[in-house]
2 protein chains.
Amino acid sequence: MARDIQERIKRLIIDGRLPSGASLPTEPELMELLGVSRNSVREALKALQAMGIVEIRHGFGTYVGPMSMAPMIEGLTFRTVAGHYRGEDSLLQLLELREAVETGLIARLAGRVPAADLAELDATVARMRTEAAAGGVQAETDRAFHATLHRGLENLLLSEVLEAFWDAFHRVRTDLVAVHADPETTVRQHEEILAAVRDGDGPRAERAVRDHFDNIRHRLRSSGER
Amino acid sequence: MARDIQERIKRLIIDGRLPSGASLPTEPELMELLGVSRNSVREALKALQAMGIVEIRHGFGTYVGPMSMAPMIEGLTFRTVAGHYRGEDSLLQLLELREAVETGLIARLAGRVPAADLAELDATVARMRTEAAAGGVQAETDRAFHATLHRGLENLLLSEVLEAFWDAFHRVRTDLVAVHADPETTVRQHEEILAAVRDGDGPRAERAVRDHFDNIRHRLRSSGER
DNA sequence: CTAGCTCAGTTGGTTAGAGCAGCTGACTCT
DNA sequence: AGAGTCAGCTGCTCTAACCAACTGAGCTAG
């Protein structure tokens, strides 16, 4: 029955063709509109908020959510952390998920990345090299590299899903495992990926991505838990 | 603060190493444990339920959820439906997401699917052929084909994610678009995928999967909205 | 006249207490 | 011994009140 309330609020959004950011009725209005108590309205909104369908701003109102992959990140992260603590190799599975998707995509990308993005990737790798010399590559830089790379796919959904995977992986790794990367290797592998993509050499790019993930996996396996 | 309550309940699960299905404290117990009102406890639980972290059974108790991808399906479905109604090509993006991932994976699978799974795939395709002759291929059969195929990857997370994508796509397509498939073509393409995988011919398998998705995409584009 | 402050009104956040509804298991009656 | 019943847990919904964050109109000081 609480489920029913959620569905009806969803219908409000869909039937009203409401875009992200559009304002929804206030809680008292929803009470009357749906014929239920404020409490039930709030519980439904909380659930929808958790799914990213709705955004609630205290003292301001309720709005249609950004429909991002944020809830998925949240769920994936928790699932992975919980699995890890129970002794499963959940973090490795998550890494393999990323590897499978990214190696599958890189061939599509080879030779098709716009010049502007290639230039941005050059800058990102350069920053990576600077950071490596200064101690270690920042996570944000790695993220930027992959995000820029996947932009060439021209599929926002796909980019967001990949970023969600990256994010979940990174959060779990940061929380659970002390990984000591070899910055020099990391930089070199990114350079290789970029070079292969620029040359339009699909197989070489695929190999480069696989090497990159092999590297991460190896470091993951050989590192102790915190 | 509501966020804080959710986090503390999560900690209960993680710190307690609770497996899926383990029972959580009752609402009154959580009230006292967390020092908040019943209402706040319930709102937090509702949000966690929406994320699949917790499972609530009326008159029975609250339990650690199955950590499945069900919430992701829910979110993806809604996002796609909402986008579709706003005139975006969200369904096509979802299809491309599936295509990208599945074409990337099929090469890994070629020649590595266990004999038992191959036999099951034979049976599934046979059923598909029977159904095609009887009017049309059942959605469940298509789902079974892909699910069995990906089982060979031996990565539960990956299988679930793919199934989630399949599910979201199928639900949206069923709700929104009347697609008239050519059953004969569908069956033939699945046979080709299976044959290529059995032979361990990666490139051929990749081509077969791509053809399959091309077929779906073409039908999608040429079909009117309901 | 304008810049800044204040305060009232609106919106979501939280609490409290009461009663309803589904499920389980032990008790009772046949 | 078996089936029906009921007491007790559980979560579900409602009402009513107050707290907290934000907005915007109006006031005050410069």
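Contacts, core and DNA surfaces in a predicted model

Q: In which helix of chain A does A:V101 lie?
A: This is a predicted model. Within it, A:V101 belongs to chain A, and its helix is α5.

Q: Is A:V101 buried or exposed?
A: The cut-off for a buried residue is 20 or more other C-beta atoms within 10 Å. A:V101 has 22 such atoms, so the residue is buried.

Q: Which residues does A:V101 touch, not counting those up to four places away in sequence?
A: A:M69 is 32 residues from A:V101 along the chain, and their C-alpha atoms are separated by 17 Å. Contact requires C-beta atoms within 7 Å. The residues that A:V101 touches come from both chains: A:L162, B:V101 and B:G104.

Q: How many residues does each chain bring to the contact between chain A and chain B, and which element of chain B gives the most?
A: Chain B and chain A bring 41 residues each. On the side of chain B that touches chain A, the elements giving two or more residues are α1, α3, α4, α5 and α8 of chain B. By class, that side divides into 23 nonpolar, 8 polar and 10 charged residues. The element that gives the most, with 10 residues, is α5(B).

Q: Where is A:A147, and is this residue buried or partly exposed?
A: A:A147 sits in helix α7 of chain A, which covers residues 139-151. A residue needs 20 or more C-beta neighbours within 10 Å to be buried, and 12 or fewer to be exposed. A:A147 has 16, and therefore counts as partly exposed.

Q: Which residues beyond four places in sequence are in contact with A:A147?
A: A:L162 is 15 residues from A:A147 in sequence, with the two C-alpha atoms 8.1 Å apart. Once neighbours within four places are left aside, the contacts of A:A147 are A:S159 and A:E163.

Q: Which residues of α7(A) are buried, and what covers them?
A: The buried residues of α7(A) are A:F145, A:T148, A:L149 and A:H150. Their cover includes four helices of chain A, namely α5, α6, α8 and α9.

Q: Which residues have the most contacts inside the largest nonpolar core?
A: In soluble globular proteins, nonpolar side chains tend to be buried together. Here the largest nonpolar core has 108 residues. B:A205 is in contact with B:I106, B:A107, B:A110, B:I193, B:A196 and B:V197, leaving aside neighbours within four places in sequence. The residues with the most contacts inside the core are A:A205 and B:A205.

Q: Which element gives the most to the surface near DNA strand D?
A: Of the 19 residues around DNA strand D, those that come nearest are A:M1, A:S37, A:S40, A:G59 and B:T26. Two or more residues come from each of α3 of chain A and α2 and β2 of chain B. By class the surface has 6 nonpolar, 10 polar and 3 charged residues. With 3 residues, the element that gives the most is α3(A).

Q: Which residues are closest to DNA strand C?
A: The surface near DNA strand C has 5 nonpolar, 10 polar and 2 charged residues. β2 of chain A and α3 of chain B each supply at least two residues. Among the 17 residues that surround DNA strand C, the closest are A:T26, B:M1, B:N39, B:S40 and B:G59.

Q: Which element of chain A has the highest mean pLDDT?
A: Chain A has a mean pLDDT of 92, and 98% of its residues reach 70 or more. Among its elements, α5(A) has the lowest mean, 91, and the highest, 97, belongs to α3(A).

Note on methods
Residues are numbered from 1 along each chain as its sequence is written. Chains are lettered from A and ligands numbered from 1 in the order in which they are written. This is a predicted model: local features need pLDDT of at least 70, side-chain atom pairs count only at pLDDT 80 or more; totals for chains, interfaces and linings use all residues. Two residues are in contact if their C-beta atoms, placed from the backbone, lie within 7 Å. A residue is near a molecule or strand if its C-beta atom, placed from the backbone, lies within 6 Å of it. Ala, Val, Leu, Ile, Met, Phe, Trp, Tyr, Cys and Pro count as nonpolar, Asp, Glu, Lys and Arg as charged, and the others, Gly among them, as polar. A nonpolar core is a set of buried Ala, Val, Leu, Ile, Met, Phe, Trp, Tyr and Cys residues joined through C-beta atoms within 7 Å. pLDDT is the predictor's confidence in each residue, from 0 to 100.
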